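Here's a walk through the fold, from the overall layout down to a few individual side chains. Keep the viewer open as you read.

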Amino acid sequence: MVYARSVEQLATTEHPSPIGKLRIAATPMGIVRIALPRAGGRGFTGWLQGALPLAERLDWLPLLDKVCGELDEYFAGKRRDFEVPVDLRGTAFQMDVWKALRDIPFGKTSSYAEVARSLERPRAARPVGTAAGANPVPIVIPCHRLIAVGGKLGGFTGGLEIKRKLLALEKAALPGGLL
């Protein structure tokens with residue numbers, strides 16, 4: 001028996017930002033990937049690897065305009081939360097972690113252990129870190145707000161320099177901040 005597999009549609013773009021060029025991919029349902037520039041000049045090699053391998057490539061989707069506009073507002077200190085829909089693919093645990101990351105307020109941080117406790121899995125700090133590292137849409141899902149106990153930055157997909165810049169941008173955009 002042969003099952004028909006629906007072919008999804010995917011459009012991509014590159015977008016300039018204060019942290020470097022972002023690569024963004026979207027389906028008609030939402031944003032599926034934001035690739036940050038890599039530390040050490042490794043570029044974007046394999047940034048779409050595993051993401052919708054059978055997708056029909058489109059030149060553009062309106063969601064790309066929306067996310068680029070929202071990212072510009074975020075970097076200008078005029079946006080704290082993203083409204084653009086996301087089309088996430090992950091395990092149930094990853095989805096729970098990504099939702100918990102979206103609940104960390106702008107300008108604040110939370111530890112891996114705090115997120116694990118919020119998920120009622122107090123011993124799952126390391127798996128929380130692994131799920132955060134697999135976040136396909138950083139910034140929109142603010143995994144940069146996740147830190148280790150004691151205030152250490154921990155890891156980040158784009159490297160610690162970009163993580164520092166994002167946290168500094170958010171702090172500066174708060175009332176009493178620089179923006």
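## Overall layout

Going along the sequence, the pattern is β-β-β-β-α-α-β-α-α-β-α, for a total of five helices and six strands. Helices here are DSSP runs of H or I with at least four residues, strands are runs of E with at least two, and both are numbered from the N terminus. This is a predicted model, where local features need pLDDT of at least 70, side-chain atom pairs count only at pLDDT 80 or more, and totals for chains, interfaces and linings use all residues. Residues are numbered from 1 along each chain as its sequence is written, and side-chain values use heavy atoms, with hydrogens and water left out.

Of the 179 residues, 46% count as buried. Buried means under 20% relative accessible area, exposed means over 50%, and partly exposed is in between (1.4 Å probe, protein chains only). Take contacts (heavy atoms within 4.5 Å) between residues at least 6 apart in sequence: 60% of them join residues at least 24 apart.

## Strand pairing

Strand E1 (residues 9-15) has two partners to look at. With E4 (residues 56-58), E1 pairs in the parallel sense over three bridges; strands pair if DSSP finds at least two bridges between them. One of the bridge pairs puts Gln9 with Glu56 in E4.

E1 and E2 run antiparallel, joined by five bridges, and Ala11 stands opposite Ala26 in E2. Their hairpin has six residues between the strands, and Gly20 takes a positive phi near 120 degrees there.

## The nonpolar core

The largest nonpolar core holds 43 residues, and Ile24, Ile31, Phe75, Leu101 and Ile139 have the most contacts inside it. Such a core is a set of buried Ala, Val, Leu, Ile, Met, Phe, Trp, Tyr and Cys residues joined through side-chain atoms within 4.5 Å. At least two core residues come from each of E2 (22-27), E3 (30-35), H1 (62-75), H2 (92-102), H3 (112-118), H4 (125-133) and H5 (160-173). H1 gives the largest share, seven residues.

Which residues of H2 are buried? Phe93, Gln94, Val97, Trp98, Ala100 and Leu101 are. They span an arc of only 160 degrees around the axis, so they sit on the same side of H2; the arc is that of the directions from the helix axis to the C-beta atoms. Ala92 and Lys99 are exposed on the other side of H2. The buried residues of H2 pack against H3, H4 and strand E6 (146-147).

In H4, the buried residues are Val128, Ala131 and Ala132. Their arc is only 100 degrees around the axis, which puts them on the same side of H4. Arg126 and Thr130 are exposed on the face turned away from that buried side. The buried residues of H4 pack against H2, H3 and E6.

## Two buried polar residues

Thr27 lies in strand E2 and is buried, with a relative accessible area of 1%. The Thr27 side chain makes a polar contact of 2.6 Å with the side chain of Asp87. That term means a pair of N or O atoms within 3.5 Å; within protein, one must be able to donate a hydrogen and the other to accept it, and residues adjacent in sequence count only if both atoms are side-chain atoms.

Arg145 sits in the loop between H4 and E6 and counts as buried at 2% relative accessibility. Leaving out residues up to four places away in sequence, Arg145 touches several residues, including Arg80, Phe106, Leu167 and Glu170. The C-alpha atoms of Arg145 and Arg102 are separated by 9.5 Å, although the two are 43 residues apart along the chain.
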